[in-house]
Amino acid sequence: MANNVGVVVVAAGRGTRMGTEESKQYLLLQGKPIVVHTLEVFQQHERISEIVLVTGAEDMGRCRKWCDEYGLSKVKDIVAGGAERQHSVYRGLERLSTEWVMVHDGVRPFVRPSDIDACYEEAGRTGASVLAVPVKDTIKQVDGQGRVLSTPDRRSLWAIQTPQTFRLSQLRAAYEAADKEGFVGTDDSSLAERAGIPVAVVEGSYSNIKITTPDDLEYAEFTVTMRREGQA
Ligand SMILES: Nc1ccn([C@@H]2O[C@H](COP(=O)(O)OP(=O)(O)OP(=O)(O)O)[C@@H](O)[C@H]2O)c(=O)n1
Ligand SMILES: C[C@](O)(CO)[C@H](O)COP(=O)(O)O
């Protein structure tokens, strides 16, 4: 698998839940855009051969400049995304030619290199994998009126993260099928699952958060500061 792994980093969302005027992936952590922090993890990972960055059409210019400024030489292509995350990933997949692909959220800058390796090695063994953590809370299914319907067994529940790793040809086929059938999912695995691709879960880290709401930003700032000071 080595040297034949491409990454699609999706960063074309608007960040509605963050509530800022600037799209959340461009907010600064210690003076650097969040998406640059994320790209640096993959740039520095020896197993990654190329990266496709998916952004808003109006953001491609500044992203190109950051790639030069921060030495992100593995970013081979920057493409405009679509209305939903799934459409953005699909556009990124079209630009890759590697055997394997990892799909990663531009707003998950704290993914550990060792977790990228683990996700990657599991895909090599079994065909496809997703990084995830066991849920810590009790989860309930609730109806539209706020009434509890059921309490699923927590031992079978995992919070799914990225990266998610697949054979590029298989993931492309799963995306084509979803597109034809009008299915829209919130992650890549759900499309693979529909296409009959078995997906293995790899236990990752709770620190690999998706920066989604303002409280996540506080955590992110704290984490970056601690890392800079060598305490995390
Ligand atoms: N049309 C979209 C929507 C999302 N994403 C990306 O998918 C990742 C995960 O999505 P999420 O956290 O939900 O981002 P947003 O859609 O931007 O957030 P919100 O739902 O709050 O608007 C982010 O890196 C986001 O930029 C994307 O590339 N294209
Ligand atoms: C892919 C993902 O990050 C896995 O947790 C998540 O599903 C993205 O979801 P969102 O609906 O775009 O927030």
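This is a predicted model: local features need pLDDT of at least 70, side-chain atom pairs count only at pLDDT 80 or more; totals for chains, interfaces and linings use all residues.
1. Leaving aside residues up to four places away in sequence, Leu-53 touches Val-9, Ala-11, Leu-39, Cys-63, Val-75 and Ile-78.

2. Ligand 1 is surrounded by 21 residues, of which Val-10, Gly-13, Thr-16, Arg-17 and Ser-88 are the closest. Two or more residues of this shell come from strand S1 (5-11) and two or more from helix H3 (85-93). By class, the shell around ligand 1 divides into 6 nonpolar, 9 polar and 6 charged residues.

3. Around ligand 2 are Arg-85, Asp-105, Ile-160, Gln-161, Thr-162, Thr-186, Asp-187 and Lys-210. Strand S10 (residues 158-167) gives the largest share of this shell, 3 residues. The shell around ligand 2 divides into 4 charged, 3 polar and 1 nonpolar.

4. Helix H7 (residues 214-228) passes a simple length check: its 15 residues, at 1.5 Å a residue, should span 21 Å, and its end C-alpha atoms are 21 Å apart, which agrees. The expected span is 1.5 Å times one less than the number of residues. After H7 comes Gly-230, with a positive phi near 75°.

Definitions and conventions. Residues are numbered from 1 along each chain as its sequence is written. Chains are lettered from A and ligands numbered from 1 in the order in which they are written. A residue is near a molecule or strand if its C-beta atom, placed from the backbone, lies within 6 Å of it. Helices (H or I, at least four residues) and strands (E, at least two) are DSSP runs, numbered from the N terminus. Ala, Val, Leu, Ile, Met, Phe, Trp, Tyr, Cys and Pro count as nonpolar, Asp, Glu, Lys and Arg as charged, and the others, Gly among them, as polar. Two residues are in contact if their C-beta atoms, placed from the backbone, lie within 7 Å.
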